[in-house]
Every structure is written in C-alpha cells, then in structure tokens.
Amino acid sequence: MVMSPRLDLRQTQSLVMTPQLQQAIKLLQLSNMELSVYVDQELERNPLLERDDSADVSAEPDRREERADSAETQVLDVVPGNTTDAPLDQDFNTAAEEGTPSDSWAEAGGGFDAGTPWGSGTSGSFDDTDGGLEQMVAGPRSLRDHLSDQITLDLKTSADRLIAHHLMGMLDDAGYLIGALDEVADSLGCSLAEVERVLGRLQAMDPPGLFARSLKECLAIQLADLNRLDPAMQALLDHLEMLGRRDIAGLLKICGVDHEDMMGMIAEIRALDPKPALRFENTLTQPVIPDVLMRPDPAGGWLVELNSETLPRVLINNRYHARLSRSGDKETRTFLSENLATANWLVKSLDQRANTILKVATELVRQQDAFFLHGVRHLRPLILRDIAEAIEMHESTVSRVTSNKYIASPRGIFELKYFFTQAIGAADGGESHSAEAVRDRIRSLIEAESPDQVLSDDKLVDILRADGIDIARRTVAKYREGMRIASSVRRKKEKSERLP
C-alpha cells in the first residue's frame, strides 16, 4: 500500500456558535437591570451607539399582533432598536434670546447688580444651592457611626477605644460578635480581662443586644436593660430549646411560676429584637420592575404588552459613521466597520429579545387564563415543553426567557417561572392538578382547623382525595414542611396552650 499526500474538497454543514449568536443568547436570559448595565457598557465602548432618551414611546404607533390560535389575546409590542433618523445634531443652547422679558426688565434698571452682596457667605444668586435646607438634614446613620460616637464618649483611654473598634469590626449583619476573645487579646497584645471588660462596656451601649455571642446572651442583655432579668427569666433563657418545642409543662416546673406568669414571660421574650443591628442597615431594597404588563381587554381576554420602561432604546449614529469614514484612514474605517456591525447586531438582538419575551408571555397568559380569572386554585400544571411547542421554539429558549422576568397582572407581580408547576394526578382520572394549587389547598385547610380537630397528614390526604387529588402522605408532609407549617402534634400543643 502506497501512502502519498493528496488534496480533497469536501462540503460539510456544522453549527457554529458565533460571537453574535452568543450575544443574542446572553441578552435573552438577562434581567432588565442586567440588560441595562450591559447596554451602558456597549454605549461606552461603541462610539456609533447612542441612547435614544428623547423618544416618546406613547407617541409612536403601536404594533399590535393577534395570535391566530387565540382571538381573545391581543399583544401590544413596543420593541427597542428604532433606527429611524433622529435630530442628533440639535443645538441645545439654553442661553436667553434677545428681546425676552427678562432682558427688557434688566435694561430698564430692574436687574440685580452682580456685585451686590446678599449676605455673609452667599453668592447672591437664586440658583445657588450650596446653602439649601435639604443639605442640612441628617441622612440615615449607619451602625458604625452610631457605635463610634458612643465609644468616643464612654471610653476614655485610647487602648479601650482601640479594643472597642476592633470588636466592632467583628460584628456580623445581625449584630452578633463572631470570633474568640482570646484571639483578639493575642492580636492586640493585651490581656483577656481587658478585652472582656471593654466587651461589657460595649454590650451596655445602645441598642441593647449588640455584641452578644449567642441568642441567649442577646436576649439577656435586652432583658437586663429593661430590669426584667430575674431568676425565673434566666431559667427560661437557659432552656430556649424547650420553648421552641412548646414544652410549657416542663418550663413551668423549671422556672417555678404559674401558667399566667409563664405566658407573660414568653410574651416579653417575643417582644425582644433577636437581630438588633438590622434596624441600622441602610441597604436599599431594589423594587421588582415587571418586564411584561397585562390588563383586561374590554372586548374580552387580556392585553399583554412589554414594559417600555425596561426596554433600552439605542440608536446608531450613521451620520457620524459616514463623516469619519470619508476622512479617516484605513485603520479607522476598519474600526468603524466593526463597530457598525456590532451596533447593528445589538439592535437586532434587542428587537429579537423583546419579541421572544412577548411571545412566551402571551402564551403563558393564554394557558393560565383560569388563574388570572379565579385565583391560584385554578393554576394549571405546566412545563417548558408545553410553551415551547405552542410557540415553536426550543425549551432552552423558553427557560432563558422566563428566568428573572416578571409580569404585572391584576393579581399581582409574578415571576414567569411561577407558572411552571409540577402536575399531580387526579383521583378519578380527570385533569391533573397544579402542585401550587395543592399547596394552597393544604394551607387553607390547616388555617381553618379548630384546636380540638387538628388535621394530621393522613387526614389531609383523605380530604384531598375526596376533592379528586391523588396525593401521597409523604408529598403532603413535604409540601407542609416547605411552607414551614408545624406537624399536627405541635400545632395541637400550640393551640391547646393558647400562646399569645
């Protein structure tokens, strides 16, 4: 057999993940906040992209799309990437024009002399905001600032302040002290007694309960501040695990009090703050901004539309590209061509992302119509494949679209993932039930039970099967524990003791 080199021409097909395709997939799974950050980065990197802040969405003609398989659902599609020409070269000069009333009044001698002093330390201008009253209002104080002021006033020596600031840096988010005191003494080169003495001073600061090393110590500090840490209360704190088990009879023997006093002591403990540092946390809670809006259609059905506030609107400055392409060298023209292709693909990807979200949300609303009309009891079991087959897309695409996307409905704001629930078979062989609807049914049954007729898991199974839901006892127990509902034994003990 003779081996010799030769040239062959072959024609094959392969699927290649181009950078543009990767970008489109990435944009599809981003939330509205993450998408805004990504677009901001592209605006900084690409000189041909500009933000279309002047566009009036309400003034644009609406593009409505009606699904052929659902005459009741109308879709309002407001898509980004409007590449129509915009007045990019407008002159935004805000200087006053000649002949205005203010100029006439100034020429008549009614103007203020720029050199006239208005007062000590002022500039004499109405639009000077340096001395505004709102700037004198104190902002929210952090826990570190609150403790630093008390350390400065209460601790006299610099050594004690150094130890106090070191211990303050060991606080967790709830205000508990993490770490060993002997390690603090070794690192600061002081005795353990000095660290414990400073810690005692810190535990007496406001708010009570800070610098505790356990829940028991945190509650004890607060009770001592209220002058309520008597021997009976101390015994109750020493056996908090029994209180968690609702073992009231055992606590009555240990504390040596009657039932009425025990209920009062428990009420006092429940009124305490187990996480005293959280009241000083200034972290802002980011509100959920829905990506899709829906409302009832007067003609019947639902109107589904994209939230225009979450859609980044970008424009391509073709005028700037043309001007630089004519005057630039070859390297500049290559750079501009690459950025123009990237900008065009970004606009196309944003448009495709908006259309895909709209299609998935419209199909979700159509299939979960009973939920929006009647509530969670009528939530249908649904999987990704059902939506993917209806809109002729892949399941992975539907999964990316429904991640971190929210819809605002007349029943509230829900994540799109909320509508995908596991199916539970019907006892009579009929239509399956949604797992979320079954959970709601279990919760309502437990909330309606009386103290003398607490429902066990077996009893719940019997009731659900009588309602046509084929469910096992272990499934009921799993759903109950997932909703943080105690067992029937603990619920019966709680209700019989009539805890406050």
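Colleague: Which residues in helix H8 (residues 215-225) are buried?

Modeller: In this predicted model, they are Glu217, Cys218, Leu219, Ala220, Ile221, Gln222 and Leu223. Buried denotes a relative accessible area under 20%, with exposed over 50% and partly exposed in between, for a 1.4 Å probe and protein chains only. Helices here are DSSP runs of H or I with at least four residues, strands are runs of E with at least two, and both are numbered from the N terminus.

Colleague: What covers the buried residues of H8?

Modeller: The cover includes helix H7 (192-203), helix H9 (231-238), helix H10 (240-244) and helix H12 (259-270). After H8 comes asparagine 227, with a positive phi near 60°.

Colleague: On what basis does the model rest, and which atoms and residues count?

Modeller: The model is predicted, local features need pLDDT of at least 70, side-chain atom pairs count only at pLDDT 80 or more, and totals for chains, interfaces and linings use all residues. Residues are numbered from 1 along each chain as its sequence is written, and side-chain values use heavy atoms, with hydrogens and water left out.

Colleague: Why are H4 and H5 called roughly antiparallel?

Modeller: The axes of helix H4 (residues 143-154) and helix H5 (residues 158-168) come within 10 Å and cross at roughly 160°. H4 is therefore roughly antiparallel to H5, because angles over 145 degrees count as roughly antiparallel, under 35 as roughly parallel, 65 to 115 as roughly perpendicular and the rest as oblique. Each axis is a line fitted to C-alpha atoms over the stretch in contact, and angles run from 0 to 180 degrees between N-to-C directions.

Colleague: Which residues of H4 and H5 meet?

Modeller: Arg144, Leu147, Ser148, Ile151 and Thr152 of H4 meet Arg161, Ala164, His165 and Met168 of H5, where contact means heavy atoms within 4.5 Å. By class, four residues are nonpolar, three polar and two charged. Ala, Val, Leu, Ile, Met, Phe, Trp, Tyr, Cys and Pro count as nonpolar, Asp, Glu, Lys and Arg as charged, and the others, Gly among them, as polar.

Colleague: What makes H13 and H14 roughly antiparallel?

Modeller: Helix H13 (residues 318-327) and helix H14 (residues 330-367) pack at about 160°, with axes 10 Å apart. The two helices are therefore roughly antiparallel to each other. Asn318, His321, Leu324 and Ser325 of H13 contact Arg333, Leu336, Ser337 and Leu340 of H14. These residues divide into three nonpolar, four polar and one charged.

Colleague: How many helices and strands does the protein chain have?

Modeller: The chain has 21 helices and 10 strands, and 36% of its 500 residues count as buried.
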